[in-house]
Amino acid sequence: MHDIADLEGRGIPSVFIASTEFVDAAEAQCRSLGFPALAVYVPHPIQDRTDDEMRALADDALEAILAAITS
């Protein structure tokens, strides 16, 4: 989250991407930093997915990422 805040502070549009397991933690960190980061969450878990499954997750999230970063 610090990286996203830093990039946004430099005028670089940014989006935080994580799995759904981390929604609460990400929101808590945003509140503690006082920074409303844009976020896109993908299905959890990630670590045991194949390369093809990861590509599918990325493909599925692309529209939401583009919408968030251009909003």
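**Note on the predicted protein chain**

1. Tyr41 touches Phe16, Ala18, Ser19, Thr20, Phe22, Val23 and Ala26, leaving aside residues up to four places away in sequence; a contact means heavy atoms within 4.5 Å. Tyr41 lies in strand E2, and its relative accessible area of 26% makes it partly exposed (buried is under 20%, exposed is over 50%, and partly exposed is in between, with a 1.4 Å probe and protein chains only). The C-alpha atoms of Tyr41 and Ala28 are separated by 15 Å, with the two residues 13 apart along the chain.

2. This is a predicted model, in which local features need pLDDT of at least 70 and side-chain atom pairs count only at pLDDT 80 or more, while totals for chains, interfaces and linings use all residues. Residues are numbered from 1 along each chain as its sequence is written, and side-chain values use heavy atoms, with hydrogens and water left out.

3. The protein chain has 3 helices and 2 strands, in the order α-β-α-β-α along the sequence. Helices (H or I, at least four residues) and strands (E, at least two) are DSSP runs numbered from the N terminus. Along the principal axes, the C-alpha atoms fill a box of roughly 35 × 25 × 15 Å.

4. Of the 71 residues in the protein chain, 24% count as buried. Among contacts between residues at least 6 apart in sequence, 52% join residues at least 24 apart.

5. A cis peptide bond joins His44 and Pro45, with omega at about 0°. Pro45 sits in the loop between strand E2 (39-42) and H3.

6. Leu62, Leu66 and Ile69 make a nonpolar surface patch of about 250 Å². Patch residues have over 30% relative accessible area and no salt bridge, and nonpolar side chains (Val, Leu, Ile, Met, Phe, Trp, Tyr) are joined within 5 Å, like charges within 9 Å; a salt bridge is a side-chain nitrogen of Lys or Arg within 4 Å of a carboxyl oxygen of Asp or Glu. Leu62 belongs to helix H3 (residues 51-69) and is partly exposed, at a relative accessible area of 44%.

7. The protein chain carries 4 positive and 13 negative side chains, and the centres of the two sets lie 4 Å apart. Lys and Arg count as positive and Asp and Glu as negative, with His and the chain ends not counted; each charge is placed at NZ of Lys, CZ of Arg, CG of Asp or CD of Glu.

Definitions and conventions: Areas by Shrake-Rupley, 256 points an atom, 1.4 Å probe, with all protein chains shown as cover.
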